[in-house]
Amino acid sequence: MIGRCCTLLFLLVGLAAATPAWPGQAVTARYEEISGTRVTLVVEIGDPPPAMIIIEQEIPAGLTLLDASPPFNKMSGARSSAKWLLKDAGPGRQRILMQFSGPVDARDLRSELRFRVRGTESSEMITVTP
Amino acid sequence: MTSQQEMIKIDGSAIRRIREEKGLTQLYLATFIGVTTDTISRWENKRYGTVKRLNAEKLAEALEVEVGELLDLTDKKEEGMADAEAATVEATPPPDDAGEQRPALSLLLPFIALLLALAGAGGWYLLRGSGDRQPAMLGSRSFPGHTAPNSVFPVVLSITGQDNEEVSLIIREDLPESVQPVTAEPGFTSRDKGTLKWIRRTGLPATILLLCRTDDDAISGRRLEFSGSVTQKGMTAIPVTNVRPYLEVAPFHWADSNRDHQIDDEEILSVYDRFSGFEAIGLDFPLIEAVWSAGGYRWDEKGGKFIPQVPAGNQGT
């Protein structure tokens, strides 16, 4: 019985994780993996997708962003945040993989996503924390 | 008293000459007036010497001349004789010319008019209560608040009306002095100096992206004003209204809307939101991204270009 419940729970969690941003919600994001020096941010893009999404990842104090995939497009002057431009990304899932110079404390992670929902003249911003 | 049904004698060679001088095609005239290219050809080749005054007025409007410039003043004969002569040239006129030249048909005209009146009344009866079927059309033009000399900037023409309705449009755009067209999507149908025209059958809403370039001698501070109109077949032309009154020549990139020598997140989001999908026609996306990435730019007046650069306060960090 407990096994069946676990299986059902696993399936539900799996389905929820695989569901892209629902109609009317243009973009959502969450940290998928925080393991040692590696961090993965997952961005779910709804339909219709925004023409561009700007992702700004704060760099935890004392650390350096050594590598990222896709590569970041901009590092702030004080090297306290990195930015990505996601252009013409279709509906679905985008992963941002980051490699830091030292172990990352989840409590220090924070990112912001900015975009415009098509047909509107205003920008939206969402904040992502673990 | 002038009637639109009145027949007037036209000079076909003058029509051809003016059309060719303005670089217009017979198709353009035919679409504008609402006749076939065969009819335009017949008018130009003098196979039909007279046309309805209404068509002559439309012809003059399409050619941007006065009606008087299209009249054949050399022959003062009775128009009926000219019509009779034209009638002998061609035995079977095309449908859109029928009724325009044949004196034999003049006997039938009262009956045709009666039939048309009855059909019109029937149509009105059937359509009454179903609302106004003419689309309420609006044309608007948006462009940046400023652009630098010798720089490319976008102009967006938006035509809105009853959604998804297919309409035949003639869109006319009069560019200010010191502004040249670079390209457009969709491409314009004709160009006469600073006047561009599109003839399109399109669904609504319709959007035209026009890329323009300011002359390199455009004086900083000069205000450039745009104007134009959109005409739906059979309807009066309506002016295309401007979202802002003028475009100012200034040493700032057009995407830097607040003129702070940066293209920030809001500004680049706005650019992509509005112009994504038009990359292929040459909008300067790479420069905009380079400026955004660098954090700033400067205007190189001698070179006539923008140079991305890290803002002074951020250098060395």
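Which helix gives the largest share of the lining of the second largest cavity? In this predicted model, that share, three residues, comes from helix α7 of chain B, residues 265-275.

| Space | Volume | Element giving the most to the lining |
|---|---|---|
| Largest cavity | about 50 Å³ | β8(B), three residues |
| Second largest cavity | about 30 Å³ | α7(B), three residues |
| Largest pocket | about 400 Å³ | α7(B), six residues |

The second largest cavity is lined by residues of chains A and B. Chain A supplies Pro50(A), Ala51(A), Met52(A) and Arg116(A), while Leu269(B), Tyr272(B) and Asp273(B) come from chain B. By class, this lining has five nonpolar and two charged residues, with no polar ones.

The largest cavity is lined by residues of chain B: Lys22(B), Leu24(B), Glu64(B), Ser190(B), Arg191(B), Asp192(B), Thr195(B) and Lys197(B). Two strands of chain B, β8 (190-192) and β9 (195-203), each supply at least two residues of this lining. Of the elements involved, β8(B) gives the most, with three residues. The classes in the lining are five charged, two polar and one nonpolar.

The largest pocket has a volume of about 400 Å³. It is lined by 19 residues, and those closest to its centre are Pro144(B), Arg244(B), Ser257(B), Ser270(B) and Arg274(B). Helix α7(B) gives the most to this lining, with six residues. Sorted by class, the pocket lining has eight nonpolar, six charged and five polar residues.

## A four-stranded sheet in chain A

Strands of a sheet pair through backbone hydrogen bonds, either parallel or antiparallel. In chain A, four strands form an open sheet with antiparallel pairing, in the order β1-β2-β7-β4. Its edge strands are β1 (27-35) and β4 (65-69) of chain A, each of which pairs on one side only. On average, and with direction ignored, neighbouring strands of this sheet are turned by 20° against each other.

How many bridges join β1(A) and β2(A)? The two strands pair over eight bridges in the antiparallel sense, and β2(A) spans residues 38-45. Tyr31(A) stands opposite Leu41(A) of β2(A), and Ser35(A) stands opposite Arg38(A) of β2(A). The two strands form a hairpin with two residues between them. In the turn, Gly36(A) has a positive phi of about 65°.

## A three-stranded sheet in chain B

Chain B holds an open sheet of three strands in the order β4-β15-β11, with mixed pairing. The strands at its edges are β4 (146-147) and β11 (223-224) of chain B, and each pairs on one side only. Strand β15 of chain B, residues 247-249, runs antiparallel to β11(B) and is joined to it by two bridges. Leu224(B) has Leu247(B) in β15(B) as its bridge partner.

## A helix pair in chain B

Two packed helices are described by the angle between their axes and the distance between the axes. In chain B, helix α2 (residues 26-33) and helix α4 (residues 53-63) pack at an angle of about 130°, with their axes 9 Å apart. An angle counts as roughly antiparallel if over 145 degrees and as roughly perpendicular from 65 to 115 degrees; α2(B) and α4(B) are therefore oblique to each other. Their crossing is right-handed.

## Backbone features in loops

Most residues other than glycine have a negative phi, and most peptide bonds are trans. The peptide bond from Asp47(A) to Pro48(A) is cis, with omega near 5°. Pro48(A) lies in the loop between β2 and β3 (52-58) of chain A.

Chain B has a cis peptide bond between Leu204(B) and Pro205(B), with omega about 0°. The loop between β9 and β10 (206-214) of chain B contains Pro205(B).

Asn150(B) is not a glycine, yet has a positive phi of about 55°. This residue, Asn150(B), lies in the loop between β4 and β5 (152-160) of chain B.

How values were computed. Residues numbered from 1 in each chain as written. Chains lettered and ligands numbered in written order. Predicted model: local features only at pLDDT ≥ 70, side-chain atom pairs only at ≥ 80, totals over all residues. Heavy atoms only, no water. 1 Å grid on protein atoms, 1.4 Å probe; cavity = no way out; pocket = protein on both sides within 12 Å on 5 of 7 lines; lining within 4 Å. Points joined across faces, edges and corners; volume = space filled by probe spheres on them. Nonpolar A, V, L, I, M, F, W, Y, C, P; charged D, E, K, R; others polar. Pairing = 2+ DSSP bridges. Axes fitted to C-alpha atoms, helices over the stretch in contact; angles between N-to-C directions. Parallel < 35°, antiparallel > 145°, perpendicular 65-115°, else oblique. Left-handed = near helix turned anticlockwise from the far one by under 90°.
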